[in-house]
Amino acid sequence: MKIDLTDTTASKINKALVQGRRAIGTPAVGMVLTLVIVTDEENAYDALKAANDASVEHPSRKLVVVKRVSRSPRDRTQSRLDAEVRVGGEAGTGETVVLRLYGDVVSHAQSVVLPLLLPDAPVVVWWPVNAPLDPAKDPLGALAQRRVTDTYASEQPVRELGARADAYTPGDTDLSWTRITPWRSMLAAALDQVTCEVEAVEVEGEEFNPSCELLAMWLADRLNVPVKRSLSSGPGLTAVRMNTDCGPIVLDRADGSLATLSIQGQPNRAVALKRRDTAELIAEELRRLDPDDTYASALRFGVERLSTSNGSRGKGAEAPAPEPATQADTAAEGPAAKGEGAAAVPTPLEAAAKAPAKEAAAPAPVKRTAAK
């Protein structure tokens, strides 16, 4: 059932939700959270479809905030709120309200969303595109316990990762991090099967893919070894190679779906590592609403590394105009100069020297094994 409201208010929208539930015969509210999707008109359909698919696992009230651009000064002075209320089959499992904001009300989206939040239920805000640099300080982000961004949608992923680290607040997360969950699980399981010391790691993936950078940061943070970032034609992550004192451990995925795990002295094994769609990623993020400390640790480690190898670019500054470079300069910069990440992680001694005093004093792990 769909109810269209033009030039409306939050009170009328709440009444329409009750009316819709009664019309389809489900007056009770059985939703576990409120998912606020902040997007533009171009991406609203895809984001809402992914949220509807994820609502099968997480019944929720979905509030889609679409900030319409006013084309003339007269339009910008005329505030208006249009709403589209969907209940039943068109809304997945739960309810959907599409809010279109015009004029001055665009700057006060939180005042429109606040009366529509489910009482005594957690709030998650998701920016599929154009996320703020500091989600926790955004007026809508301040309403949420969990804030989801996606650096893959940005033009400069490395710069975006630097901004995410500088502004990180417990509760922030990113879908680029969610995409590497199967990789992290498989690599941790592989290291659990051996008693070897990891000496160096290479992460291979396509250019301009922040998931490759985050995986390299996580491995460098957890294993405390040099990590090399190399490029491939994709799709996405294609391989991770770990050199150990017992032989190489390789997780290779060339086709984006089926990977091969090779461990020295053991037969090769085929493992499923398919590229997941957005609905699966959102469903995973909604399973936990507590802060992700592992993500925070990897993100902060990586930003410090990128800033030391790329100057101020790792901190989010504009990249200077390219200058002619020698072959040695290109090898030294590696993929980071293209927005993909540093060529290698500093050695443990260099990382300790550049880290804050509290971090530098932390004892090095005895056994280098990955942790989830």
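## Basis of the description

Because this is a predicted model, local features are described only at pLDDT of at least 70 and side-chain atom pairs only at pLDDT 80 or more, while totals for chains, interfaces and linings use all residues. Residues are numbered from 1 along each chain as its sequence is written, and side-chain values use heavy atoms, with hydrogens and water left out.

## The chain as a whole

The protein chain contains 13 helices and 14 strands, where helices (H or I, at least four residues) and strands (E, at least two) are DSSP runs numbered from the N terminus. Of its 372 residues, 49% count as buried; buried means under 20% relative accessible area, exposed means over 50%, and partly exposed lies in between, with a 1.4 Å probe and protein chains only. The protein chain exposes about 17500 Å², and carbon and sulfur atoms supply 52% of that area, which comes from the Shrake-Rupley method with a 1.4 Å probe, where for residues only the protein chains shown count as cover. Among the contacts in the protein chain with a separation of 6 or more, 72% are accounted for by residues 24 or more positions apart, a contact being heavy atoms within 4.5 Å.

## Two pairs of helices

How do helix 2 and helix 9 pack? Helix 2 (residues 41–54) and helix 9 (residues 278–286) meet at an angle of about 55°, with their axes 8 Å apart. That makes helix 2 oblique to helix 9, since angles under 35 degrees count as roughly parallel, over 145 as roughly antiparallel, 65 to 115 as roughly perpendicular and the rest as oblique. The axes are lines fitted to C-alpha atoms, for helices over the stretch in contact, and the angles run from 0 to 180 degrees between N-to-C directions.

Helix 2 passes helix 9 in a right-handed crossing; a crossing is right-handed if the near helix is turned clockwise from the far one by less than a right angle, and left-handed if anticlockwise. On the side of helix 2 the contact is made by A50, D53 and A54, and on the side of helix 9 by T278, A279, I282 and A283. By class, this contact of helix 2 with helix 9 has five nonpolar, one polar and one charged residues, where Ala, Val, Leu, Ile, Met, Phe, Trp, Tyr, Cys and Pro count as nonpolar, Asp, Glu, Lys and Arg as charged, and the others, Gly among them, as polar.

Helix 9 is mostly covered, with seven of its nine residues buried, including A279, I282 and A283. Helix 5 (residues 157–166) is also mostly covered, as eight of its 10 residues are buried; among them are V158, L161 and the charged residues E160 and R164.

In a second pair, the axes of helix 7 (residues 181–192) and helix 8 (residues 210–223) come within 11 Å and cross at roughly 35°, and helix 7 passes helix 8 in a right-handed crossing. Here W183, R184, L187 and L191 in helix 7 meet L215, W218, L219 and L223 in helix 8. This contact has seven nonpolar, no polar and one charged residues. An α-helix has 3.6 residues a turn, so residues three or four places apart point the same way.

## Residues with a positive phi

Most residues other than glycine have a negative phi. D120, although not a glycine, has a positive phi of about 55°; D120 is found in the loop between helix 4 (109–113) and strand 6 (123–126) and is exposed, with a relative accessible area of 85%. F208 has a positive phi near 60°, lies in the loop between strand 9 (198–205) and helix 8, and counts as partly exposed at 42% relative accessibility.

## Pairs that are apart in sequence

| Pair | Apart along the chain | C-alpha to C-alpha |
|---|---|---|
| V125 and T149 | 24 residues | 8.7 Å |
| P226 and V201 | 25 residues | 6.4 Å |
| D104 and R80 | 24 residues | 8.3 Å |

Is V125 buried or exposed? V125, whose place is in strand 6, is buried, with a relative accessible area of 1%. Not counting residues up to four places away in sequence, V125 touches several residues, including V36, V38, L140 and V148. P226 sits in the loop between helix 8 and strand 10 (227–231) and counts as partly exposed at 31% relative accessibility. D104 is in the loop between strand 5 (94–102) and helix 4, and is partly exposed with a relative accessible area of 45%.
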